[in-house]
Protein chains: 2
Amino acid sequence: MIMFETIQAMAEPTRLAILKMVRRREMPAGQIAGKFKGITRPAVSQHLRILKDAGLVTERREGTRRIYRLRPEGFAPLKALLEDFWDSKLERLKAAAEKLEKRKP
Amino acid sequence: MIMFETIQAMAEPTRLAILKMVRRREMPAGQIAGKFKGITRPAVSQHLRILKDAGLVTERREGTRRIYRLRPEGFAPLKALLEDFWDSKLERLKAAAEKLEKRKP
DNA sequence: ATCATATGTTAGTTAAAACTAACGTAAGTG
DNA sequence: CACTTACGTTAGTTTTAACTAACATATGAT
């Protein structure tokens, strides 16, 4: 269950929003927290830690700031699983096509 | 947040195991439940419902049996998100390459 | 050295998800 | 019809995850 931590880390609305937020441009923790209303800064900080521990974001320190950005490599195993799931769809289509083929050879 | 239900449905070890289990071959509920020890049949039944509601498996009835199998289409939005995340890695590599290029034109 | 800024951490509380036990249902069998 | 098989459902409990409030740390400025 290698990619399970990845899924769990993504399975929370605030954390998923953070991931999308730091997808292209890196952002300091405070700025990330500022984007949410109804969620306190410490809560965001905890979410950032979970994302970091799961290897989905990197943290870089610049002075007193901590700057986060997406770490795409962290998603690789999950991506592979989904591709595997997707393949099962293609396999079925292929099997269905071959079945049709047999009927008028 | 269209694919969020997908992520949540996957974010539980038993459910993830079920998804892998019905990836290629369809299976009746009882047989699925039988594969787990330490998890009761009703619990598995509840997990199946969550997976079905999320559109990740289909249910087919055959006599008194309910047969489940993977529904790959259900993963499409999440798959797209991960591909989008992955792109951000490629974009960075491209940007880095272009930077190098400029140094000896 | 003092203060401000930016952020993380911890213990304790609250909220959400999973589980259990008991019951309900629907198809198949004698 | 009575009984069995194969499931699902519900209410209530337990477990897990998220949140809050108070405190801690580390950098930078005066």
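So, the hairpin of S2(B) and S3(B): there are two residues between the strands, and B:Gly63 has a positive phi near 60°. Those strands, S2 at residues 57-62 and S3 at residues 65-70 of chain B, pair in the antiparallel sense over six bridges; pairing here takes at least two DSSP bridges. Helices and strands are DSSP runs, H or I of at least four residues for helices and E of at least two for strands, numbered from the N terminus. One pair to click on: B:Arg61 has B:Arg66 as its bridge partner in S3(B).

Ground rules, quickly. This is a predicted model, with local features needing pLDDT of at least 70 and side-chain atom pairs pLDDT 80 or more, while totals for chains, interfaces and linings use all residues. Residues count from 1 along each chain as written, chains are lettered from A and ligands numbered from 1 in the order written, and side-chain values use heavy atoms, with hydrogens and water left out.

Next, the two chains against each other. The contact (heavy atoms within 4.5 Å) takes 33 residues from chain A and 33 residues from chain B. About 3300 Å² is buried between them, 71% of it from carbon and sulfur atoms; that's accessible area with a 1.4 Å probe, lost on putting the two parts together and summed over both. On the chain A side, A:Arg23, A:Phe85 and A:Arg92 supply 20% of what chain A buries against chain B, more than any other three residues.

How many salt bridges are there between chain A and chain B? The count is six, where a salt bridge means a side-chain nitrogen of Lys or Arg within 4 Å of a carboxyl oxygen of Asp or Glu. A:Arg23 makes one with B:Asp84, closest N and O atoms 2.6 Å apart. H5(A) gives the largest share of the side of chain A that touches chain B, 14 residues.

On the phosphate side, a side-chain N or O atom of B:His47 is 2.5 Å from a phosphate oxygen, and a polar backbone atom of A:Gly30 is 2.8 Å from a phosphate oxygen. As for the bases, a polar side-chain atom of A:Gln46 sits 3.0 Å from a base oxygen.

Methods:
Polar contact = N/O pair within 3.5 Å; in protein donor to acceptor, adjacent residues only side chain to side chain.
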